[in-house]
Amino acid sequence: MHRVGSAGNSSNSARKSKEKKLTYVLNDADNTKHCAGVNCLAVLKSPGPDGCDYLFTGSRDGTLKRWGLSEDRATFSATFESHVDWVNDVVLTGGNTLVSCSSDASVKVWNCLSDGTCARTFRQHSDYVTCLAAAEKNSNVVASGGLGGEVFIWDLEAALAPVSKSNDANIDDCSTSTNGLGSSLQNTSLRPISSSNNISGHANQCQGYVPIAAKGHKESVYALATNDQGTLLVSGGTEKVVRVWDPRTGSKTMKLRGHTDNIRALLLDSSGRYCLSGSSDSMIRLWDLAQQRCIHSYAVHTDSVWALASTPTFSHVYSGGRDLSLYLTDLATRESVLLCTNEHPILQLALHDDGIWVATSDSSVHRWPAEAHNPLKVFQRGGSFLAGNLSFSRARVSLEGSTPVPVYREPSVSIDGTSAIVQHEILNNRRHVLTKDTAGVVKLWEITRGVVIENYGEISFEKKKEELFEMVSIPAWFTADTRLGSLSVHLETPQCFSAEMYSADLSIAGKPEDDKVNLARETLKGLLAHWVSRRRQRFGSQTSVNGEIPSGKDLSSRTLTLSRVEGDGNLENDSAVYPPFEFSAASPPSIVTEGSQGGPWRKKTTDLDGTEDEKDFPWWVLDCVLNNRLPPRENTKCSFYLHPCEGSTVQILTQGKLSAPRILRIHKVVNYVIEKMVLDKPVDTLSADGTFAPNMPGGQHPVVGDGSLRSGLKPWQKLKPSIEILCNNQVLPPDMSLATVRAYIWKKPEDLILNYRVVQGR
């Protein structure tokens, strides 16, 4: 699994010398829907009788979404986008504060009624943050736990206190501290104090605030729960024990043993006396904390228990997990009933009135009837069984075929997601990616525009891949993955600048057909076109031409130390975005990256406001987009020898080693042979954009440009006499590049050898 950024407390310290990458996440269709499994849920009850209730969902696609709830439907209301990896848990506290945690090792705070702007980011954890707990009646207390074994207890009022500018030096530029977040956290608009963009507000330890650490876990933490007052905290994980803490001090009070596998779900009753735990050992256990022991165990599930929710009186528990089943169990009588079965493992549950929202590893979320206020109604419908107290008892029953029948067949409300992409193949042209989603639909993406150019429907991915094979060799200038359920494209310097194409091959009108186009540079310009235009509105156009980025002291000195940086003189037309690199404004991609401060962030390209700078973006991205400078690149040339075919009487003037751009076409080599053979004039008089240069001392001929006969006809259609170029006795097509010949015909590490001959009788 990939990890994003360098998480944890090191985010303020000196980073490794590896440059930060820029990733963009492509959005295919409906941005109002999740496109990967939903890991977590939270319900916000409206305080007023006629107010709207809201459901919040956090997904493996990296976003949270808010849904307005009515009797029979849920309506999309907002997307909360800032996490750069899976969202693993979400809690509501203090009326309108939403807290989320993620595999990007961060905990984020949002105003849940806002437009989705992140108010603050905490980066205390060293690894994936897996779980959160909030105290119902103490809006300040939130706990977070993760794979690093850390459990932190946050006092939100202190953590979110406005930051004084005086101690900017030792914090992570908390310029977007939230204004007036008092102890009640009742305000509905968390506004940044300064005009600086929210991205810079990713604070590490704002104003020196450090959460209380509950130290004791030696392994990963997967579950947390707290009582209503926030005076008791329980945690569980791979150590198979339930640990009990005093969250006010972080001190351990007891350890409860009994489970034989990872503890994945915990609940505390409102008083804090009773605790329910669900485990990968398939058991649910009820603990009496006053007696410090397990008083009941329930064998309801046939596989791992991953989610628990209790009725308001803690008399019954709803449970779900890997066996796709949602059960309701009476804790006193041990009577259990199968409410429904899902098509995917159940990850989290949230009660809402008389229904229960169920999140699974699918991108859709469903609400099922639950009768939380009168669970006896469900049992009256029949089909219940008594839960055993040994884990194999349920397993044995299911083997014997007496599987319980679900009470409900259909959910009462569904929020549909889109299918997650699960398979991808980067095609040889290095601009197209073939993908397949969970519904089996195969699509072809053009990643330099971020759009689907072909939807093939449900067909064989492998067959389509073979069908689309092209014999071309272009350097691997990007990598891709589908971890977030959509296509993420990663650019890293200097590798991303290794691929060039002729403008003719990209059908760019109004540009000489032999102009070389750097794919990464044009893609970055396309991605950041909105940002550049917003920046010009703010700062005027001089920022992109004078080779300096405002407040970019670090940047300019950094660039100078690079010994040589390739610049391109023609800046006047350079801000133009060519059609093959225009990204859709309707479904814009999201940028995931980080700059010199504040850690990784994610935003839609159209939400960038022009204030972002080297604190937010990698310096090499800004240098490319604003200053048109690229880092030194290797292997853009290809060396080869040109010899006559055996028995050929034709000779040409030069016989040394030649060198040309990798993308040079064979028809240019034909031109060169004709030039040398027929014209019999000194090649020195060739113009700068002629083909090959004269014999140089040292035996190697540099090849100057890629110029050719420019007219309506393809250059090689006019040539007299007819010349063929061969490699390994194979005649080469005129439009094949040297790189392709080397990769598919020559297939050897040594310098390429090409042969030429005159074709008779044409």
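User: How many disulfides does the count come to?

Analyst: This model is predicted. A disulfide is a covalent bond between the sulfur atoms of two cysteines. Here, a pair of cysteine sulfur atoms must lie within 2.5 Å to be counted. By this rule, the count comes to 0 disulfides.

User: Which cysteine has the sulfur nearest to that of Cys496, which is in no disulfide?

Analyst: A disulfide requires two cysteine sulfur atoms within 2.5 Å. For Cys496, the nearest cysteine sulfur is 7.6 Å away, and Cys496 is in no disulfide. That nearest sulfur belongs to Cys624.

User: Is Cys496 buried or exposed?

Analyst: A residue counts as buried under 20% relative accessible area. The relative accessible area of Cys496 is 0%. Therefore Cys496 is buried.

User: What share of the residues of the protein chain count as buried?

Analyst: The protein chain has 762 residues. One of the buried residues is Cys118, at 8% relative accessibility. Of the residues in the chain, the share that count as buried is 57%.

User: How many helices and strands does the secondary structure of the protein chain come to?

Analyst: One part of the chain, residues 80-111, is 0% helix and 62% strand. Another part, residues 122-157, is 6% helix and 50% strand. For the protein chain, the secondary structure comes to 11 helices and 48 strands.

Definitions and conventions: Residues are numbered from 1 along each chain as its sequence is written. This is a predicted model: local features need pLDDT of at least 70, side-chain atom pairs count only at pLDDT 80 or more; totals for chains, interfaces and linings use all residues. Side-chain values use heavy atoms; hydrogens and water are left out. Helices (H or I, at least four residues) and strands (E, at least two) are DSSP runs, numbered from the N terminus. Buried means under 20% relative accessible area, exposed over 50%, partly exposed in between (1.4 Å probe, protein chains only).
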